Amino acid sequence: MNSAVRRKLGKNIYRYVLWFTLFGLVGSYFLFIPKRWASVPENAIASVNGEAINIGDYKRRVQDVQRTVQDVRRQYGPIADFVLMQIGIAGDPLVVARDQLVVEALLTQGASDLGIYTVSPDYILEKLGDRLFVMHYLGDIIPLVFVRSGGIDRAALSKYLRNIGVSSTVFHDHLENAFKRAMVHKVLATAAYVPQAELNKERMANQGKRNLVIISLDLGAYREKMRKAGIKDEEARAFFAEENKKTKRYWSEEKRQGVVWTFPLKNVEVSASDEEIRRAFVNKRKELGKMTFEEAKPKLEEELKREFARRRFELNTKSIASKSPESDSLLKDMISQYRAKSKPVAKDNKEAWRVLYSIPTVGQRTSFVSGDVGYVVQLDKLEPRICSEFEKVRNVVMDDLCTARARREIEKDLEQILTRSRSGGKGFIEEVRVLPGVRVTEYKDVVHGDETWKKFEHLPVARMRLLIHPGFGITHLNDKGGEFIYLKAIELPKEGLEVEKNERIHEDLSKLAKALIESSFLEYLQRTAKIIYRETSGQRPVGRVPLPISEDV
């Protein structure tokens with residue numbers, strides 16, 4: 001049966017058998033972890049030790065899982081569920097995709113715990129031509145169709161990445177992380193053996209004195225070049241239609257009007273009985289220390305009154321959510337009782353403005369409490385978004401298209417600089433000076449963490465630290481254009497080894513090796529990680545509305 005599954009599913013079977021094995025190691029931890037409310041960035045589906053998992057990557061992984069599920073069901077019919085269980089993707093595709101990305105993040109971060117700080121560029125170039133290696137470890141980011149006998153078809157792959165909206169910088173990050181995970185799997189298979197060479201690489205990354213060349217391409221200069229080249233009317237209209245189809249970029253903003261009532265909770269008299277105060281005194285005994293009941297009573301009474309006032313307000317506002325004669329009458333009574341005041345909702349009232357845009361229907365109300373004040377927000381008017389007429393936004397579209405072309409041109413030139421730098425020789429540095437708005441800056445004897453290094457905050461410093469092979473460089477795109485960071489030379493300081501630091505590294509690795517033997521590395525990572533994710537449901541489309549947040553510790 002397993003052989004038949006492998007023959008039917010081809011390359012996907014290797015990845016999913018790997019996922020099945022990994023989830024088998026930590027499945028119980030993913031299922032039975034206590035949760036509490038937290039938050040993650042708006043453009044992320046989860047956060048692992050502070051590192052966000054991009055929602056775009058999540059959507060692509062969901063589609064990949066869904067396609068595999070569809071293929072299995074089409075090929076195996078009534079036994080499809082059994083096959084899906086065999087390859088480890090049974091269940092909600094949204095949850096499967098999320099957990100796969102969480103495991104990937106854990107393994108990528110765990111690479112440094114194993115002493116894997118960087119991967120040799122020569123090793124990367126060699127393995128990119130190995131179809132079996134790509135099938136096993138890189139299938140999620142490099143479709144096998146782009147792997148030729150002589151290596152990767154870079155032109156075809158670049159076109160594919162542009163079509164799916166993945167920049168070369170993001171792709172290189174994913175590729176580097178995938179190689180780290182591949183190395184982790186090899187380390188796991190050899191009982192966490194870490195060669196001395198990896199420790200030397202870490203020392204070189206942290207202590208090496210670098211000669212760097214940073215080639216900066218200015219977006220403004222490229223925009224001017226695109227502007228002079230001209231944009232045809234039909235090109236602008238096509239861009240307008242494409243952007244509206246993808247993101248409704250040129251639609252008007254939704255407009256809302258509403259009113260907010262402010263209810264000072266202290267304006268309503270509440271009381272706390274002696275019994276309730278004594279109960280609070282018992283519950284907070286440790287917090288109160290050596291205070292007697294009589295000493296703590298005023299403070300506890302005040303706290304209970306605030307809590308009772310908040311509960312009373314929340315209970316009352318449950319009955320006024322929908323606009324009706326009865327709820328209007330109750331709201332009127334509350335306004336009189338609390339001596340509440342009203343005013344239109346304005347943007348400077350950020351919380352009320354946010355709540356206003358969460359109300360689905362005109363006439364509905366919602367409430368919230370902030371400090372000792374309660375608020376009721378009512379939506380009075382809603383103007384939905386509409387598509388703008390092209391003629392009204394023509395200049396904006398022209399400008400945006402000019403910027404988009406400039407960014408593509410910068411990305412293309414950075415790729416060419418990268419290719420030229422690896423073909424041998426340093427003459428490419430002089431060749432790039434003909435590019436629009438180019439700036440070439442050289443830095444000598446730069447060490448990770450020194451004063452010069454601190455000036456690189458706008459650059460990908462984490463990736464720059466891993467530049468330890470002279471003749472190699474990395475590309476980086478930003479709001480102002482892009483950079484190519486090239487390592488001309490690197491050497492270790494002459495003062496010799498930092499003995500204490502190296503002994504600590506060896507000691508840490510010994511502890512990790514013991515953890516690997518006693519349990520499993522992935523279980524260890526998950527147990528010590530701080531994972532925050534957006535809960536998803538099989539019934540909810542990805543990215544439609546904000547999802548409930550929970551935190552795994």
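At the start of helix α11 (residues 219-229), a side-chain oxygen of Asp-218 comes to within 3.3 Å of the backbone nitrogen of Gly-220. This is a polar contact, meaning a pair of N or O atoms within 3.5 Å, where within protein one must be able to donate a hydrogen and the other to accept it, and residues adjacent in sequence count only if both atoms are side-chain atoms. The model is predicted: local features need pLDDT of at least 70 and side-chain atom pairs count only at pLDDT 80 or more, while totals for chains, interfaces and linings use all residues. Residues are numbered from 1 along each chain as its sequence is written, and side-chain values use heavy atoms, with hydrogens and water left out. Helices (H or I, at least four residues) and strands (E, at least two) are DSSP runs numbered from the N terminus.

The buried residues of α11 are Leu-219, Tyr-222 and Met-226. Seen down the helix axis, they fall within an arc of 65 degrees, so they line one face of α11; the arc is that of the directions from the axis to the C-beta atoms. Arg-227 and Lys-228, on the other side of α11, are exposed. Here buried means under 20% relative accessible area, exposed over 50%, and partly exposed in between (1.4 Å probe, protein chains only). The buried residues of α11 pack against β6, α18 (394-421) and β13, where contact means heavy atoms within 4.5 Å. After α11 comes Gly-230, with a positive phi near 90 degrees.

Strand β6 covers residues 209-218, and eight of its 10 residues are buried, so the rest of the structure largely encloses this strand. Two strands pair if DSSP finds at least two bridges between them. With β13 (residues 481-491), β6 pairs in the antiparallel sense over 10 bridges; in β13, Tyr-486 is the bridge partner of Val-213. With β11 (residues 439-446), β6 pairs in the antiparallel sense over six bridges, and there Val-446 is the bridge partner of Arg-210.

Elsewhere, Ile-124 lies in helix α6 (residues 121-127). Its relative accessibility is 18%, so Ile-124 counts as buried. Leaving aside residues up to four places away in sequence, Ile-124 touches Val-119 and Phe-179. The C-alpha atoms of Ile-124 and Leu-175 are separated by 9.2 Å, although these residues are 51 residues apart along the chain.
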